[in-house]
Amino acid sequence: MEGRAIPRDERTAVAKIARAGRGGLISVADAAKALGVAPHDAAVRLGRLARRGWLRRARRGLYLVLALEVEPNRPTTAEDPWLLAQKAFSPCYVGGWSAAEHWGLTEQLFRSTLVVTGAAVRHRSITLLGHEFRLFRVPKSRVTGVVAIWRGRDRVHVSDRERTLVDCLRDPELAGGIRHLADMMREYATWPEHDFKRLASIARQFGSGAAWKRLGYLAERVWTDERSLLAEAQKRITAGYVRLDPGVRRRGTMMRRWRLRLNVTVSTSEL
């Protein structure tokens with residue numbers, strides 16, 4: 001650290017940066033606009049303030065602004081991991097188990113925030129500013145069709161109930177496994193807002209052959225009255241077999257009706 005004292009001009013810069021930040025977070029681009037300087041100059045200034053202890057680097061090009069009265073180098077964390085995720089991994093949205101927690105589809109708590117991102121990320125698990133993130137990279141074209149919700153003064157993107165289920169049917173790992181996904185599906189049917197027609201529409205847009213196979217198999221067990229949904233799932237079955245839960249190595253027995261390898265037991269009593 002270059003020293004605890006902060007010159008008046010730097011204090012003014014920190015104040016401008018803080019006002020321009022969202023949730024205490026500031027990017028190089030936003031800092032450049034706030035300070036009226038070129039991005040390169042803004043990056044240099046942010047780096048200098050970070051070395052002095054008045055900012056904390058989250059990752060390249062993104063910093064947490066510390067309150068001026070906070071002692072430099074004191075351990076700090078971003079207040080909202082969802083806002084941090086949107087700033088750090090854009091384009092992205094909060095999905096899977098984290099979205100399920102938000103919408104009341106599960107009572108199970110996960111330590112990490114699950115983020116579906118179209119950004120080039122090197123690791124699937126990362127810790128930033130004291131928050132754990134689980135990252136699932138997808139093509140940018142799939143980082144669409146989600147909703148924006150308010151988190152304090154800012155809006156962040158999250159998959160709604162139907163999109164969350166479809167994403168998890170496509171990749172059960174996003175739900176924490178197929179058994180947990182089955183529980184989420186059962187809970188979904190208890191909500192007055194459930195909409196199976198919309199779920200089918202989302203599955204047509206963002207699903208996959210494997211997603212329809214898992215949807216048909218699980219719907220027969222948790223949504224037995226949804227005949228039209230089951231009929232559509234049957235029509236959309238593709239060639240080849242997939243594992244019911246790709247996260248489980250066991251091959252399982254083959255089920256011709258849904259073209260699945262039943263490598264996990266999901267009984268009605270469990271649901």
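These legends describe close-up views of one predicted model.

**View 1. The whole chain.**
The predicted chain has ten helices and twelve strands. Its C-alpha atoms fill a box of roughly 70 × 35 × 30 Å along the principal axes. The chain has 271 residues, and 48% of them count as buried.

**View 2. The largest cavity.**
By the rule used here, there is one cavity of 30 Å³ or more. The largest cavity holds about 40 Å³ of space. Its lining is made by W82, A85, Q86, C92, Y93, V94, V156 and H157. Six lining residues are nonpolar and two are polar. No charged residue takes part in the lining.

Y93 is found in strand β4. Is Y93 buried or exposed? Y93 has 2% relative accessibility, so it counts as buried. Y93 and H157 are 64 residues apart along the chain. Their C-alpha atoms are separated by 4.8 Å.

**View 3. The cis peptide bond at P91.**
The bond from S90 to P91 is cis, with omega near 0°. Most peptide bonds are trans. P91 is placed in the loop between α4 and β4.

**View 4. The aromatic pair F89 and F133.**
By the rule used here, the count is five aromatic pairs. F89 lies in helix α4 and F133 in strand β7 (residues 131–137), so the pair ties together parts that are 44 residues apart in sequence. F89 is buried, with a relative accessible area of 0%. F133 is buried too, with a relative accessible area of 2%.

**View 6**
A pair of aromatic rings is described by the distance of the centres and the angle of the planes. For Y188 and F196, the centres are 5.8 Å apart and the planes are at 80°, so this pair is edge-to-face. Both residues are buried. Together with W223, Y188 and F196 form one aromatic cluster.

**View 5. Arginines over aromatic rings.**
R161 lies over the face of W191. The distance to the ring centre is 4.2 Å. R163 places its charged end over the ring of F206. Here the distance to the ring centre is 3.7 Å.

**View 6. The E232 side chain and its partner.**
E232 lies in helix α10 (residues 227–235). Which side chain does the side chain of E232 make a polar contact with? The partner is the side chain of R204, at 2.5 Å. E232 has a relative accessible area of 12%, so it counts as buried.

**View 7. The largest pocket.**
What is the volume of the largest pocket? It is about 150 Å³. The lining consists of A58, R59, F89, A120, V121, R122, H123, I126, L128 and L135. Strands β2 (55–59) and β6 (125–128) are the elements that give two or more residues to this lining. Seven of the lining residues are nonpolar, one is polar and two are charged.

**View 8. L129, a residue with positive phi.**
Most residues other than glycine have a negative phi. The phi of L129 is positive, near 50°. L129 is found in the loop between β6 and β7. At 5% relative accessibility, L129 counts as buried. Strand β6 also contributes to the lining of the largest pocket.

**View 9. R259, another residue with positive phi.**
R259 has a phi near 50°, a positive value in a residue other than glycine. Where is R259 found? R259 is in the loop between β11 (253–255) and β12 (260–262). R259 is partly exposed, with a relative accessible area of 28%. L129, by contrast, counts as buried.

Notes:
Residues are numbered from 1 along each chain as its sequence is written. Side-chain values use heavy atoms; hydrogens and water are left out. On a 1 Å grid over the protein atoms alone, a cavity is a set of points where a 1.4 Å probe fits but cannot get out, and a pocket is an open set with protein on both sides within 12 Å along at least five of seven lines; lining residues have an atom within 4 Å of a point. Grid points are joined across faces, edges and corners, and a volume is the space filled by probe spheres set on the points. Ala, Val, Leu, Ile, Met, Phe, Trp, Tyr, Cys and Pro count as nonpolar, Asp, Glu, Lys and Arg as charged, and the others, Gly among them, as polar. Rings of Phe, Tyr and Trp (its six-membered ring) pair if their centres lie within 6.5 Å; planes under 30 degrees apart count as stacked, over 60 as edge-to-face and the rest as tilted. Helices (H or I, at least four residues) and strands (E, at least two) are DSSP runs, numbered from the N terminus. Buried means under 20% relative accessible area, exposed over 50%, partly exposed in between (1.4 Å probe, protein chains only). A charge sits over a ring if NZ of Lys or CZ of Arg is within 6 Å of the ring centre and within 35 degrees of the ring normal. A polar contact is a pair of N or O atoms within 3.5 Å; within protein, one must be able to donate a hydrogen and the other to accept it, and residues adjacent in sequence count only if both atoms are side-chain atoms.
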